[in-house]
Protein chains: 2
Amino acid sequence: MKAANTSSHAPLTNQRIYVVSPSGPVVPAEKLDTAVVNLQALGFKTTLDRGAKTVNGRFAGTDLQRLQALTRALKQPADIVMAARGGYGMTRLLPSIDWRAVADSGKVFVGHSDFTAFNLALLATTGAVSYTGPVAAADFGVPNVNDLTADLFAETMRGELEILSFESEKADAFDGRGALWGGNLAMLVSLLGTPFFPKIRGGILFVEDVNEHPYRVERLLLQLAQSGVLGRQKALVLGSFTGYRLAAHDQGFDIPDVIAHIRKTVGIPVIPGLPYGHTAVKATLPIGAKVGLATEQGMAHLVIHEH
Amino acid sequence: MKAANTSSHAPLTNQRIYVVSPSGPVVPAEKLDTAVVNLQALGFKTTLDRGAKTVNGRFAGTDLQRLQALTRALKQPADIVMAARGGYGMTRLLPSIDWRAVADSGKVFVGHSDFTAFNLALLATTGAVSYTGPVAAADFGVPNVNDLTADLFAETMRGELEILSFESEKADAFDGRGALWGGNLAMLVSLLGTPFFPKIRGGILFVEDVNEHPYRVERLLLQLAQSGVLGRQKALVLGSFTGYRLAAHDQGFDIPDVIAHIRKTVGIPVIPGLPYGHTAVKATLPIGAKVGLATEQGMAHLVIHEH
């Protein structure tokens, strides 16, 4: 992977981060103190929301507490609002969030996994762009922060990342532009049929997942295909699929078989290899922004800012 | 559970069964020979489709082979067509099945789990009623067939079952009529957004699941709620949720918590306790038929045939 940098873009933000916990609880909570140190070392003055360390069973507070944390995040001075972690819980909040207020806040929202529901609901209801990428506890609350993940995050936040290039040996030929959208596949599909699912035509859809069995990944992708969503996109970009374990009855049926079936049944270019997923290395990607994508000689180039 | 019987209804079928394998393979295949013996002992002359024992990786044949088996099932003389088992595979076939021909065949289709996609797609595309209940290999291909499951199946096929009564200690008060529909929750939700999801208003929706973590069950139910489906039903009936194992980070968050959250957020009566699921005891239920449902004193009564 290679990131083409330039300083030709003005900083997008005041480079201050506010951390909220809208989904699962951070355990141990001290991970967030480590995250503050690591994010500050990266040049981002970082503040924790007062509910960021709250634990209420398998949630970071009651639904009301987590909603109130999101409301506080809109009103504090830092330009970047980062989720502490994923887990489960955003789904419960979707109907209660004031999406217009979120969009109007002008904040730059970054999260991952369960946060995909936030990214996509914001896009669906307002058209506003937000980001998927590292989260405070899981990616920065660790002793050894992944350098590439950190650099890609910092460069993206500073508007310096123009092109993200990655190896994509088995990519279909593609050269086009469209709205980049997607995130965690299960979360994305969990919005189908609801008002929180973006209606994107001619987009570039990217997906990843963790702990989803290959046959379930295929079922999710077929749901997107049979609902007409996949066919309306210009390309399907695949991040990583990790954390599952095949059983004997799978008879070796694995992600490559899923990709082969999707290629056979859906007539859109498939581009694997996006450095994005439940992995240490993850790009920070805008959700809802117009991007370019081109493949050549075993590489794919995602053009995030164009001159 | 108590089943009220009567012989006042004419037999619905010629009481012959044809077994097909539209999803996962039967391993070992001999289970189907056992099933034939057990179904015949129950009074059903039973024939295996010639592809019923086919194994192709994690499928009972290629997609084409399984489609051809379904086509053969429409043309053979037995009135009842029973799936050999669930697994995964029906999703792949949905767009290729001639649903009009399925409905016009007049056959009585019975299956479970993955077969929910067949039941619901048939209902969505044609309005035809089919059945969810036991399957040949898993329920009848075993040494000790569950008597209640077998009796309920036989009585339902013969049109003799009028009322299915079951214990439902925590049922909300309900007395009403509507189209009975549902099945496996994950399969049902996997159709949302596609042409295979039935548009039912004022229905009685029943769901069960296996190996789905409680937080995922909640996410599936919230998807139904946020898509407007749950709110349009008269009642939500719960079968069993089995096979999952809580992890430490669940902090005890279990199915009762899910039910409590759904009750709080969706204003329809919830009736637990339906003897249906990935369990030895399972009722045979019509999908798409108008039924009555009433609760009283810790019991629920599902009125399948009325005088």
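One term before we start: when I say buried, I mean under 20% relative accessible area. And keep in mind that this is a predicted model.

With that cut-off, take A:Asp250 and B:Arg58: both are buried. Their side chains meet in a salt bridge, 2.9 Å from N to O. A:Asp250 sits in the loop between β10 (235–242) and α10 (255–265) of chain A, while B:Arg58 is in the loop between β3 (45–48) and α2 (63–75) of chain B, so this pair joins two chains.

So how do the chains relate? Chain B can be laid on chain A with an RMSD of 0.0 Å, using a turn of 180 degrees and a shift of 0.0 Å along the axis. The two copies are therefore related as by a two-fold rotation axis. Within chain B, the residue that comes closest to that axis is B:Gly193, with its C-alpha at 2.6 Å. And the same surface serves both copies, since 100% of the contact residues of chain B recur in chain A.

Now the sheet in chain A. We've got an open sheet of 6 strands, in the order β3-β2-β4-β5-β6-β12, and the pairing is mixed. At the edges are β3 (45–48) and β12 (285–287), each pairing on one side only. On average, neighbouring strands are turned by 30 degrees against each other, ignoring direction. If you zoom in on β2(A), residues 16–20, you'll see it pair with β3(A) in the parallel sense over 4 bridges. There, A:Arg16 stands opposite A:Lys45.

What lies across the strands? Helix α2 of chain A, residues 63–75, lies across β2, β4 and β5, running at about 170 degrees to β2(A). Helix α5 of chain A, residues 116–126, lies across β5, β6 and β12, at about 155 degrees to β6(A).

Back to charges. A search of the whole structure finds 22 salt bridges over all chains. One of them is A:Arg72 with A:Asp49, with the closest N and O atoms 2.8 Å apart. That one links distant parts of the chain: A:Arg72 is in α2 of chain A and A:Asp49 in the loop between β3 and α2, 23 residues apart. A:Asp49 counts as buried, at 3% relative accessibility.

Last one: B:Arg66 and B:Asp63 meet in a salt bridge at 3.0 Å, N to O. They're 3 residues apart in helix α2 of chain B, so about one helical turn separates them. B:Arg66 is buried at 1%, and B:Asp63 is buried at 16%. Over in chain A, salt bridges that share partners join A:Asp63, A:Arg66 and A:Arg92 with B:Glu218 into one network.

Note on methods. Residues numbered from 1 in each chain as written. Chains lettered and ligands numbered in written order. Predicted model: local features only at pLDDT ≥ 70, side-chain atom pairs only at ≥ 80, totals over all residues. Heavy atoms only, no water. Pairing = 2+ DSSP bridges. Axes fitted to C-alpha atoms, helices over the stretch in contact; angles between N-to-C directions. Contact = heavy atoms within 4.5 Å. Least-squares fit on C-alpha atoms with pLDDT ≥ 70 in both. Salt bridge = Lys/Arg side-chain N within 4 Å of Asp/Glu carboxyl O. Buried < 20%, exposed > 50% of the residue type's maximum accessible area, 1.4 Å probe, protein only.
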